[in-house]
Amino acid sequence: MTDAASAPGGILPVDKPVGPTSHDAVAAVRRGLRTRAVGHTGTLDPFASGLLLVCVGPATRLAEYFAPLPKTYVGTMRLGESTNTDDHTGEVIASSDGWRSLSADAIGAALAEQVGEIQQVPPAYSAKKVDGQRMYDVARRGGEVDLPPVPVTIYAIRVLSIDLPDVVFEVECGNGTYIRAIARDVGAMLGVGGHLRELRRTRIGPHDVDRAVPMDRLAEAERVAEAMIAPADALAHLPRVVADARGEVDIRHGRALPAPQELHVTGPVAIVSGGGDLLAVGESADGMVRPRKVFAGAA
């Protein structure tokens, strides 16, 4: 096993196992790479496994640009049991053997009802804040949790297998979606109750868990270097502006560039050098690209 301390900065895909928190994963990256400049782009519950995108070095300033990316999960839903947390870590609060008479068509139809732009009630045991309090803290104290529904986008749901009372399904969804709420709501729609037994995140945008470094291999320099994604490549989902030599100087000094004629967007853009290195993330508006986060020092 070799030391990963010399690994370059960028975006490191990490495969978190069941058990550790997302904070634990960040701490493991800090230890493995021997740097404190580490942050994640979105959390996973301890009972869930799968892909975390961890920003290392100056790339910690890029975390906000990954939040809008669609995420893909594989979950196992158990029908016939409802829990107070909507997952297997909670207490069973209701049960039914009605799952025995459910058909595959009925299950598929109930899952299909979740697809689209929907209003989803977050789980009572969630990190959502109301009046400055996280709801899982209120719930653990025995307080009343009354969360309003929030808009979420679910792009697709596909049934992978049915072995009642368990159903394995794949979900592609937008930010803020709770997969355990899908299991809860599908169980309620079928009249038998349901909760989430297992959850694994397999993709974030174009980034796949198959490329990720397992947490127990973060001290292996070659494995980390092989997986590390350069900042410009990690931002491939953003519109791109290639700066010429004069433009590079302007960007290094925080000056705006004229927007290329083919750039017809308003919002964040990646500004890169002719060699493909990330110079800055800027905002495109009114025919100009203004740097907001500059990564190339003034020369």
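What is the volume of the largest cavity?

Analyst: The largest cavity has a volume of about 50 Å³. This is a predicted model, in which local features need pLDDT of at least 70 and side-chain atom pairs count only at pLDDT 80 or more, while totals for chains, interfaces and linings use all residues. Residues are numbered from 1 along each chain as its sequence is written, and side-chain values use heavy atoms, without hydrogens and water.

A cavity is a set of points on a 1 Å grid over the protein atoms alone where a 1.4 Å probe fits but cannot get out. Points are joined across faces, edges and corners, and the volume is the space filled by probe spheres set on them. The structure holds 1 cavity of 30 Å³ or more.

The lining of the largest cavity consists of Thr41, Gly42, Leu53, Phe66, Ala67, Lys71, Arg201 and Ile204; a lining residue has an atom within 4 Å of a point. By class, this lining has 4 nonpolar, 2 polar and 2 charged residues. Here Ala, Val, Leu, Ile, Met, Phe, Trp, Tyr, Cys and Pro are nonpolar, Asp, Glu, Lys and Arg are charged, and the others, Gly among them, are polar.

Strand β4 covers residues 71-79 and includes Thr72; strands (E, at least two residues) and helices (H or I, at least four) are DSSP runs numbered from the N terminus. Thr72 has a relative accessible area of 11%, so Thr72 is buried, a term for values under 20% with a 1.4 Å probe and protein chains only (over 50% is exposed, in between partly exposed). Setting aside neighbours within four places in sequence, Thr72 is in contact (heavy atoms within 4.5 Å) with Glu170, Val171, Glu172, Arg200, Arg201, Thr202 and Arg203. One of these partners, Arg201, is also in the cavity lining. Thr72 and Ala156 lie 84 residues apart in sequence, and their C-alpha atoms are 9.3 Å apart in space.

For comparison, there is also an open space. The second largest pocket has a volume of about 190 Å³; a pocket is an open set with protein on both sides within 12 Å along at least five of seven lines. Its lining comprises 15 residues, with Gly9, Ala230, Pro231, Ala232 and Leu278 nearest the centre. Helix α6 (residues 231-234) gives the largest share of this lining, 3 residues. The pocket lining divides into 9 nonpolar, 4 polar and 2 charged residues.
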